[in-house]
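Have the structure open and follow along.

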Amino acid sequence: MAIKNILESVRQTLFEAMSRDERVMILGEDVGRHGGVFNATQGLYEAFGEDRVVDTPLAESSIVGIAIGAAVGGMLPIAEIQFADFIHPAVDQIINEAAKIRYRSNNDFGCPIVIRAPYGGGVHGGLYHSQCVEALFFGTPGLKIVAPATPADVKGLLTAAIEDPDPVIFLEHKASYRAIKGEYPEGDYYVPIGPADVKRVGGDVTVVSYGMTMHYALQASEELSKEEGIEVEVIDLRTLLPLDRRTIVESVKKTGKLLIVHEDNLTGGIGAEVAATVANEAFMYLDAPIRRLAALDVPSTPYHPVLEQAMLPNKAQVKEAILDLARY
Amino acid sequence: MPREIVMPKLGESVVEGVIGKWLKAEGDFVDEDEPLVEVDTDKVNAEVPSPARGIVHRLLAREGETVAVGQVIAIIREVDEEVADLPAGESAPGGSTVANGSGGFAPGGSVAAAASAGVEPLARSPHLYSPAVRRLAAESGIDPATVTGTGRGGRVSKKDMERAIAQAKERERAVVLSGSHESRSVWAPEDESGSASAARRPLADGDEVLPITRMRRTIAERMVHSKRTVPHAWTTVEVDVTSLVAWRESIKEEFRRREGFNLTYLPFVVKAAVEALREYPILNSTWEEDRIVIKRRINIGIAVDLEDGLIVPVIKDADQKSIVGLARAIADLATRARAGTLTPDDVTGGTFTINNTGAFGSILSAPIINYPQAAILSMETITKRPVVVGDGIAIRSMMNLCMSLDHRVLDGAVCGRFLRSVKRRLESYDANTPLY
């Protein structure tokens, strides 16, 4: 099996999807001739032409709005938002239009769009190139939100997102683009939207995460296993909405201890929903309070590298938090 | 709330520090960030500031003492707080409470990413059990107050309860395996199996080493004890079971269809034996230091072979069962023995044991008595042999019965009479014998 990084996986999956189905099209800023500011769409313009890989003006609301129109009209559009930080002008289109079309039309129309965006910090991105936006859309029924962390999950979930008859927000952690490599499955490969993945089995502590922090959790778990004999169960959510409550609850019933880690801010992050679910459904199995590790509640990821380090959860903090919980 | 002060990590790889000098005494007021103690490590000596404002309630480490990073070294209470007194010199195992951004004691650590709600310093009350602990307590019946806690601050954790539950199961299993509450504990300090006293011989190439399982060790200890303390005598009789065999052959298919299990010869032997035991109750007894106790109940142990050993479940009040009742009890105990689901009640209280060694083709055996019983009977294989009948020779189905007896309680005469009684009954079983 080939080894690819996250970026290559995105690109290859897009290529395969566009080859398979001519309804698939991409639109966004610099996606065509430039091949994307991260090179995520490199080569697609040359392969499929300007009708299917469309360079748009700098106008996020229109990018999503046009994609919605094309979707209702029979295309399978993939709208790229160049950085998740720019998605805000498109929120009205996403929440008021895309999410509600099926409900509003009484199932006459669906809106099979994918909105792709690089998210997350740790790359000196400052205010407008580091944001996590999942919490904004988390409370909107009618949307699906997906945030895979491995190349195989990228292929499986992006394929599923493109084929999904309803809107899917597909989040790619930009720090993982080149840093995370893994096996990229050949041929047809599909991961259903919804189920989480237990990336590591253990009996002492459950860690729920997604994106880059999930990788920190895996690394910390290996170290803790060797150093302390503590066995951590790591659950990669992969899909944020709908949340795989069952996998999480089953794991906590086994371990009795839960740590949720995400890079998004603590308050109102999706960790709160996970915590409430577990407190409700696994109360008699809890051996310790439910803990959350997340970014500080400050208005922005700092530009200064020391402050950025201090604000975002890192591997050392994840490890310390797991150890602390294991010792409770 | 009283605030625990922990040994800080004064360097990247520092794991412990030595209390150099306390700069405050118990009862002194200390302000936030005021130096509290001098700590020496192999990298750096430092003055450690207090993270909290208050009164030094208790100093938990002595000057010159080496303390691990994270261990609690002092308690500070608020200025007008009453604190229930902690035993002097107590320090919490496993150290720190996690406070939100814990006052900069962990460089590069928790000042940074927000951890949700600093956990309250763990209350010292031993009765604060988590939901998981309470659930396990309710399910198992084990009181957490009786369990040693290894969680933070001595808390009884879920793992501690799981351990206690596993230990209770082990103890129950040990009872099942050892077969008797009254008999010597399998944990007897004098090693009765003799294995420890034997010097370890060197292994040769290709030798296979098997660990000794609990079952094996239990069997070993009981066998050695029995042979060492009970003077075994042995006797045997031949039994002509031709009619029994003929009868059983004729009814066995129908029996299987009706009852759902096979009718073997064992229940007949058991029936004959319990009736003979009623005639000669001295064989259903126990030798003790200063008396012989004749047991009223006749509880027959049936040896069942398992994959890696043997176990002897007991048919209680076997004298009150019919032949079919005995057959059914034997089948049930054997099934449960092989499934590992026998209870302690199933393996205790036996007064006499019967062993079907004939199942393996044996024609004579010298079984080892199951102390505190006085005797053990083995039934051997049934073979067709030419024997003298009257003045002629006939081919008869013959079965030997062997008996080992505790010669302190029993003599050859009474055993001979007992065996003759068993033989007489077995030789009389035929189509007229009531099964039910």
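Two strands count as paired here if DSSP finds at least two bridges between them. Keep in mind that the model is predicted. On that basis, chain A has an open sheet of seven strands, and the pairing is mixed. Reading across, the order is E3-E2-E4-E5-E7-E6-E12. Which strands stand at the edges? They are E3 (53–55) and E12 (239–241) of chain A; each has a single partner strand, so one side of each is left without a neighbour in the sheet. From one strand to the next, the twist averages 20 degrees.

Strand E2 (residues 24–28) of chain A runs parallel to E3(A), and three bridges join the two. If you want a residue pair to look for, A:Gly28 is opposite A:Asp55 of E3(A).

## Helices of chain A

What lies across this sheet? Helix H3 (residues 60–72) of chain A does, lying across E2, strand E4 (76–80) and strand E5 (114–119) of chain A. Its direction relative to E4(A) is about 175 degrees.

Now for a helix pair. Two packed helices are described by the angle between their axes and the distance between the axes. For helix H1 (residues 6–20) and helix H7 (residues 151–163) of chain A, the axes come within 9 Å and cross at roughly 35 degrees. The crossing of H1(A) past H7(A) is right-handed. On the H1(A) side, the contact is made by A:Ile6, A:Ser9, A:Val10, A:Thr13 and A:Ala17. H7(A) contributes A:Pro151, A:Val154, A:Lys155, A:Leu158, A:Thr159 and A:Ile162.

Two neighbours in chain A deserve a look. A:Asn106 is not a glycine, yet it has a positive phi of about 55 degrees. A:Asn107 also has a positive phi, near 75 degrees, and is likewise a residue other than glycine. Where are they? A:Asn106 is in the loop between helix H5 (101–104) and E5 of chain A, and A:Asn107 is found in the loop between H5 and E5 of chain A too.

One runs from A:Leu241 to A:Pro242, with omega near 0 degrees; A:Pro242 lies in the loop between E12 and helix H10 (245–255) of chain A. In chain B, a cis peptide bond joins B:Tyr371 and B:Pro372, and there omega is about 15 degrees. B:Pro372 is in the loop between strand E17 (352–355) and strand E18 (375–389) of chain B.

## Chain B in outline

Chain B has seven helices and 19 strands. Of its 436 residues, 33% are buried. Among contacts in chain B with a separation of 6 or more, 63% come from residues 24 or more positions apart.

## Strands of chain B

One open sheet in chain B has four strands in the order E5-E4-E2-E7, with antiparallel pairing. At its edges are strand E5 (45–49) and strand E7 (66–68) of chain B, each pairing on one side only. Neighbouring strands of this sheet are turned by 40 degrees against each other on average, direction ignored. Strand E4 (residues 35–40) of chain B is joined to E5(B) by five bridges, running antiparallel, and B:Val39 stands opposite B:Ala46 in E5(B).

Further along, strand E11 (residues 285–288) and strand E12 (residues 291–294) of chain B pair in the antiparallel sense over four bridges. Together E11(B) and E12(B) form a hairpin, with two residues between them. B:Thr286 has B:Val293 as its bridge partner in E12(B).

## One helix of chain B

The buried residues of H3(B) are B:Thr218, B:Ile219, B:Glu221, B:Arg222 and B:Ser226. They cover an arc of only 165 degrees around the axis, so they are on the same side of H3(B).

Key:
Residues numbered from 1 in each chain as written. Chains lettered and ligands numbered in written order. Predicted model: local features only at pLDDT ≥ 70, side-chain atom pairs only at ≥ 80, totals over all residues. Buried ≥ 20, exposed ≤ 12 C-beta atoms within 10 Å, placed from the backbone. Arc of directions from axis to C-beta. Axes fitted to C-alpha atoms, helices over the stretch in contact; angles between N-to-C directions. Left-handed = near helix turned anticlockwise from the far one by under 90°. Contact = placed C-beta atoms within 7 Å.
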